[in-house]
Amino acid sequence: MSTTTPGVNEFESKIGGYTVRGKAHSLSAWFVLALRLMMGYAFLYSGATKVLEGGFSARGYLVHAAGTNGNPLEGVFVWMGTTDWFVAFANVAVPWGEVLIGLGLLVGALVRLAALFGALMMLLFYFGNWSIEHGLINGDFAYMLVFLAVAAFGAGRILGLDALIERYEVGGEALVERYPRLRYVLG
């Protein structure tokens, strides 16, 4: 996979022998920023509410939600909900994951990493809330795509800390030049 930047607001990507080209409107950065902030607020609010209220338990959701709707992964969700160590993990990972994802998106730090974890959570919610009476696409699936778009567009560089982190110098060299793999989590 390769990505190049032919010109201003133009993009091109090659994957598996297919090339996709496009040109973004100059306002696109504002919309990407709005998506990042919207998802950041939604996740921070959801996670903070769970943390501050206390007593969050994923067990009921895991055991019962997937079994009510013909979910193809019902057995996996029931296993997760009846396995004590997994429930204990989920009881910490869900609220604190939401808080950390939300904070990362709001301040624009480690945005790709935060967005990828957000997309993973939305994929799990998609299967947990399985509902196909109106087709395979629902709100959870749409939010997963929003997270992936935020990651793909490097939204942390738009009025975010990732732009500063990438330029931070280590030994006279920009951080992402010294450690190129950081490009996968920053942006």
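Which residues in α5 meet which residues in α6?

**Figure 1. The contact of α5 with α6 in the predicted model.** On the side of α5, the residues are V111, R112, A115, L116, G118, A119, M122, L123, F125 and Y126. They meet D140, F141, Y143, M144, F147, L148, V150, A151 and A152 in α6. Sorted by class, this contact has 16 nonpolar residues, one polar residue and two charged residues. The two helices pack at an angle of about 165 degrees, and their axes are 8 Å apart. Angles over 145 degrees count as roughly antiparallel, so α5 and α6 are roughly antiparallel to each other. The crossing of α5 past α6 is left-handed.

**Figure 2. The packing of α1 with α6.** Helix α1 covers residues 28-53, and helix α6 covers residues 139-152. Their axes lie 10 Å apart, at an angle of about 125 degrees. Helices α1 and α6 are therefore oblique to each other. The crossing of this pair is left-handed. From α1, the residues in the contact are L35, R36, M38, M39 and F43. Their partners in α6 are Y143, V146, F147 and V150. By class, the contact of α1 with α6 has eight nonpolar residues, no polar residues and one charged residue.

**Figure 3. The crossing of α3 and α4.** The axes of these two helices come within 5 Å and cross at roughly 85 degrees. Angles of 65 to 115 degrees count as roughly perpendicular, so α3 and α4 are roughly perpendicular to each other. W79, M80, G81 and T82 of α3 make the contact with D84, W85, F86 and V87 of α4. Five residues of this contact are nonpolar, two are polar and one is charged.

**Figure 4. The second largest pocket and its lining.** How many residues line this pocket? The lining has 27 residues, and A93, V94, G97, F117 and M121 are the ones nearest the centre of the pocket. The elements that give two or more residues to the lining are α2 (59-65), α3 (74-82), α4 (84-107) and α5 (111-128). Helix α4 provides the largest share, ten residues. By class, the lining consists of 23 nonpolar residues, three polar residues and one charged residue. The volume of the second largest pocket is about 640 Å³.

Figure 5. Read from the N terminus, the order of the elements is β-β-β-α-α-α-α-α-α-α-β-β-α. Along the principal axes, the C-alpha atoms fill a box of roughly 50 × 40 × 30 Å.

Methods:
Residues numbered from 1 in each chain as written. Predicted model: local features only at pLDDT ≥ 70, side-chain atom pairs only at ≥ 80, totals over all residues. Heavy atoms only, no water. 1 Å grid on protein atoms, 1.4 Å probe; cavity = no way out; pocket = protein on both sides within 12 Å on 5 of 7 lines; lining within 4 Å. Points joined across faces, edges and corners; volume = space filled by probe spheres on them. Helix = DSSP H or I, 4+ residues; strand = E, 2+ residues; numbered from the N terminus. Nonpolar A, V, L, I, M, F, W, Y, C, P; charged D, E, K, R; others polar. Axes fitted to C-alpha atoms, helices over the stretch in contact; angles between N-to-C directions. Parallel < 35°, antiparallel > 145°, perpendicular 65-115°, else oblique. Left-handed = near helix turned anticlockwise from the far one by under 90°. Contact = heavy atoms within 4.5 Å.
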